[in-house]
Amino acid sequence: MWTLAGQGCWRGRALAAWATRAARRGLPGPRPAPTRGAAAESKAPDRSYSSADRKETIDMSRFPVENTRNFSIIAHVDHGKSTLADRLLELTGAIDKTKNNKQVLDKLQVERERGITVKAQTASLFYDYEGKQYLLNLIDTPGHVDFSYEVSRSLSACQGVLLVVDANEGIQAQTVANFFLAFEAQLSVIPVINKIDLKNADPERVEKQIEKVFDMPSDECIKISAKLGTNVESVLQAVIKRIPPPKVHRKNPLRALVFDSTFDQYRGVIANVALFDGVVSKGDKIVSAHTQKTYEVNEVGVLNPNEQPTHKLYAGQVGYLIAGMKDVTEAQIGDTLYLHKRPVEPLPGFKSAKPMVFAGMYPVDQSEYNNLKSAIEKLTLNDSSVTVHRDSSLALGAGWRLGFLGLLHMEVFNQRLEQEYNASVILTTPTVPYKAVLSSAKLIKEYREKEITIINPAQFPDKSKVTEYLEPIVLGTIITPDEYTGKIIMLCQARRAVQKNMMYIDQNRIMLKYLFPLNEIVVDFYDSLKSLSSGYASFDYEDAGYQTAELVKLDILLNGNIVEELVTVVHKDKAYAAGKAICERLKDSLPRQLFEIAIQAALGSKIIARETVKAYRKNVLAKCYGGDITRKMKLLKRQTEGKKKLRKVGNVEVPKDAFIKVLKTQI
């Protein structure tokens, strides 16, 4: 009988025979089986973590209010804000000194690709100075005009700013705009002249510009090179000496301002908060002043620049807070958080962002509608300046009408949708919000207001219903070398701009102020300005209200039928050029039919431009070899009558790809 003991004995004999043969040939024998203890030892995973792997909790009570400083870095595009932030992080030991430290705080893919800051980022720095340890809360802000809302939000959590100016380029348009944002918020301003290592740098000239434009003494300027790290230490010392500590009370009940938020798939909403009063710790029950919902705090901490949990956050400090908010609508930016059953007066919050540009957004495939809706909700939590309205179109299906702060803002939002959520969308041509003053009491009763805002051109009211139309205007600031002044003035006049001011900021640089209609600058003005001035001119604008204008609704007709998706609102003087351009684009995009297609641009009943897509035509004369001309004429006449009949019954359906070609932003 075959037994286990016998099986073991047989296995032992086989191993002995193998060992004998191996020894004869000079080969290594079989490896001994490991003991049970050794096997367990080899399989057991190594559970020892280094101290670097563990997140150390920091005791924030070590930093009294008088040792805390909250400051932002503001500047024009590409003047070295993010590079200076990298050097400050290195100096305070927040990150290691390596050559790879470039735009450490720019975490989005779109920021790294374009080399611009889109989202304001926070970092808490610990710095020893004169025997005391200071907590410096730094916020790196965007420089482009389209993201000025991010800058104004960041300034609400600060007591001072570093105004960075390029030693080569000097004061630019956005430098002026950002300075006045800080000035209106009554913040301490420290002027920093960067890039002094450049060959063409002229810090003395920039000092004089700062003195003339901002009325700040030149001896207050700090000259640095953020790239090489030259004199950067003096910036930290100036922050401690010149920026006051926050005016807060730690013994009062909690009052925290939500100034930014992001959505994490696993932990829900992560809110960036600035504490104005009191203390918050893990396990506290907090209430949102906006929604009146109660939450339990799961985690609090500071960003250094990565998340670092702490036991508590105290008044005057800036950090993050996770409280189990699962819905993206629950964390409103500008909201006040307070302790449960200890209500406080809400903080003033933020002035809501005013959209300057509207565009329709539709999924390429309608089956992707719900996925795109979820992606837009999560992205608008992170970028609260985007406004969203439901919209639908006969050709493109269900979608949204989104409001943006500018064209770059629209591009970046679209790029983030693609990169972060793999969403492919159709974006229509951007338009601006117009207003119309209604003429009759009946219409006012119907619309419930005398002045209506139109964000969709298809809803533009007829001239008979209104007393006047209003278009948005902006006050634009252009700073340019004086040799380009003539060309730039001509460009501004062609865009219906009105000059308001003109001043020299130094011997060869000039600052122009113009009132522009917003729809004239929204698409390609910036590109035209850069090409005219060889890239040296800079441009910034701010809202300046509305003015009356002669606006008309431009309809596009295909064989006499209006195509709603292609309706636009233009100024009366520009109607012909705009109509002709759209007709030409449509002619190139529409597929030919068996009948002729008439593409027309119309103002009311008046046709102002026309293009024709020729019909496919069979050669009916192919069978006529010679013969009388009347025979040929008879065949051609019969063909023409057939085409005419076909045109009456045939419908022109514009394919989706033709719409995409025509509606695609013409940048």
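A residue counts as partly exposed when its relative accessible area lies between the buried limit, under 20%, and the exposed limit, over 50%. In this predicted model, Lys580 has a relative accessibility of 30% and is therefore partly exposed. Its salt-bridge partner is Glu584, with 3.6 Å from N to O. Glu584, at 36%, is partly exposed as well. Elsewhere, salt bridges with shared partners join Glu471, Arg496, Glu520 and Lys574 into one network.

The salt bridges number 16. One of them pairs Lys435 with Glu451, whose closest N and O atoms are 3.7 Å apart. Because Lys435 belongs to strand β21 and Glu451 to strand β22, this pair ties together parts 16 residues apart in sequence. Another joins Lys572 to Glu550 at 3.8 Å between the closest N and O atoms. Here the link runs from the loop between β29 and α15 to the loop between β26 and β27, 22 residues apart. Lys572 is partly exposed, at 48% relative accessibility.

The largest nonpolar core has 34 residues, of which Ile478, Phe516 and Phe525 touch the most other members. Elements giving two or more residues to this core include β23, α12, β25 and α14. A separate core of 29 residues includes Ala75, Tyr127, Tyr134 and Val232. Beyond its neighbours within four places in sequence, Ile478 is in contact with residues including Ile488, Ile510, Leu512, Phe516 and Phe525.

Thr485 is found in helix α12. Thr485 is buried, with a relative accessible area of 8%. Leaving aside neighbours within four places in sequence, Thr485 contacts Met502, Ile510 and Leu512.

Key: Residues numbered from 1 in each chain as written. Predicted model: local features only at pLDDT ≥ 70, side-chain atom pairs only at ≥ 80, totals over all residues. Heavy atoms only, no water. Helix = DSSP H or I, 4+ residues; strand = E, 2+ residues; numbered from the N terminus. Buried < 20%, exposed > 50% of the residue type's maximum accessible area, 1.4 Å probe, protein only. Contact = heavy atoms within 4.5 Å. Core = buried A, V, L, I, M, F, W, Y, C linked by side-chain atoms within 4.5 Å. Salt bridge = Lys/Arg side-chain N within 4 Å of Asp/Glu carboxyl O.
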